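Subject: Structure handover: ligand site and cavities

Hello,

Here is the structure we spoke about. Please open it next to this message. My notes follow below.

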Amino acid sequence: MSGRLALLARPWRDRVDAAVAFLTARGFAGDVGVILGSGLGNFVDRIADARVAPYGEIPGYHATSVAAHQGRLVGGIAAGVRTVAMQGRLHPYEGLAPADLLLPTAVLACLGVRAVVVTNAAGGLNRFYAPGDLMVIRDQIDLHWDDPLRGLLADPLGAAGRVVGRVPPPAHLYDPALASALAAAAARAGVPVHQGVYASMWGPTYETKAEIGLLRRAGCDAVGMSTAAEVALLSALGVAVAGLSCITNPARETGQPELSHQDVVAVGARVRERVAAVLLAVLGDLA
Ligand code: HPA
C-alpha cells in the first residue's frame, strides 16, 4: 500500500484504493498532477501518449455537474514529464460530502505524484488585476469555515508527520519554492503574473458587494469557489502544491454589470493558451 493511502481513514481509504487500482491497471502514473479549472481544460491537448478515463467510469467518482468542466482524467507525457491531469473538478457547492468531493484529489496523490499544480478561475479583488491576468497563489483563506478534512485522515494530528508534540508548525500549504518556480516559468514563457492570496467561498452565487468589500479589506487578491479543500488535502498527504488563478473578472461592485458563468468561461477561453504555456514551462521543475 502506498504511504499516502495509509494516511487516509477507513472506509475512505478503500474507495481511494479501488480507484487507484483501476487507474494503475490502465497505465495511469505520474510525477506531476494538474487540476484544471473552469475553461482551462485545453492543457490536456498538450499531453502525448494520452490515456483518458471519464470520471463516470472510475470507481467511486462523481461526474461533475458544472458546465464547461469536462470531467475526465488524462494521463501521459507533457514537456517530457509523466503527468496526470484532472480536466474538470468537483466543487463544494455541488452539495457533495467531503469524501466524495476530495476523492479525485486523494487519488491523484495516491498515484504517487510528487507535486500538483492547481488552477482555477477567480474574480480579481486586487484593484491592479484585470480580466485575463494570471496570479500565482502564495497563500489561501478558506472561508467555508469548516474543516474540509474532517473524518478523512487516519490520524488528523499526525498527518504527514508534520505535527511535533501537539503543536503543528506554521503551514505552507503552497510550497514557497514551487510558487517561485511557477513565477519564473511564467517569465520564461513570456507571461506576466501577479502573486497573491486566494480566498475560497461557498458559492455558487458570486459574492455580494459587502463580501467583496470584506475580502478586499482582509487582504485577499482573488476569490473563487474551489481549490482550498484540495490544497489542504494535498498538503496533509505530503504533496508539494503550486497554484495558478486565472482572473476572469473584477469582483463586481456597485454599478457594474452582473457576472455570469458564461463571462467567466469566455475569459478562460481567451487566456487558456497562456495558462497551458505556463504549465508546460514549469513541469520540468516539478518532476
Ligand atoms: N467570484 C467567485 N468565483 C469566481 C469569480 C468571482 O468573481 N470569477 C470566477 N470564479
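A cavity here is a set of grid points, over the protein atoms alone, where a 1.4 Å probe fits but cannot get out. By that test, a search of the whole structure finds 2 cavities of 30 Å³ or more. Please keep in mind that this is a predicted model.

The ligand takes up the space of the second largest pocket. Elements giving two or more residues to its shell are β5 (115–124), β8 (222–224) and β9 (240–250). β5 gives the most, with 3 residues.

The residues surrounding the ligand are Ala121, Ala122, Gly123, Tyr206, Glu207, Val223, Gly224, Met225, Thr248, Asn249, Leu259 and Val264. By class, 7 of the shell residues are nonpolar, 4 are polar and 1 is charged.

Which residues place polar atoms by the ligand's nitrogen atoms?

- Glu207: a polar side-chain atom lies 2.7 Å from a nitrogen atom of the ligand.
- Asn249: an N or O atom of the side chain is 2.7 Å from a ligand nitrogen atom.
- Gly123: a polar backbone atom is 3.3 Å from a nitrogen atom of the ligand.

How much of the ligand does the protein bury? Taken alone, the ligand exposes 260 Å², and the protein buries 95% of that.

**Largest cavity**

The largest cavity holds about 60 Å³ of space. Its lining consists of Arg89, Leu90, Pro92, Leu101, Leu102, His144, Ser200, Ser226, Thr227, Ala228, Ala229 and Glu230. Helix α6 (residues 228–236) supplies the largest share of that lining, 3 residues. By class, the lining has 6 nonpolar, 4 polar and 2 charged residues.

**Second largest cavity**

About 40 Å³ of space lies in the second largest cavity. Lining this cavity are Gly123, Tyr206, Glu207, Ile212, Val223, Asn249, Ala251, Arg252 and Leu259. They divide into 5 nonpolar, 2 polar and 2 charged residues.

Compare that list with the ligand shell. Gly123, Glu207 and Asn249 line the second largest cavity, and each of these residues also has a polar atom listed above against a ligand nitrogen. Tyr206, Val223 and Leu259 are also among the residues lining this cavity, and they are among those surrounding the ligand too.

Best wishes

Conventions: Residues numbered from 1 in each chain as written. Predicted model: local features only at pLDDT ≥ 70, side-chain atom pairs only at ≥ 80, totals over all residues. Heavy atoms only, no water. Near = heavy atom within 4 Å. Polar contact = N/O pair within 3.5 Å; in protein donor to acceptor, adjacent residues only side chain to side chain. Areas by Shrake-Rupley, 256 points an atom, 1.4 Å probe, with all protein chains shown as cover. 1 Å grid on protein atoms, 1.4 Å probe; cavity = no way out; pocket = protein on both sides within 12 Å on 5 of 7 lines; lining within 4 Å. Sits in = over half its atoms within 2 Å of the grid points. Helix = DSSP H or I, 4+ residues; strand = E, 2+ residues; numbered from the N terminus. Nonpolar A, V, L, I, M, F, W, Y, C, P; charged D, E, K, R; others polar. Points joined across faces, edges and corners; volume = space filled by probe spheres on them.
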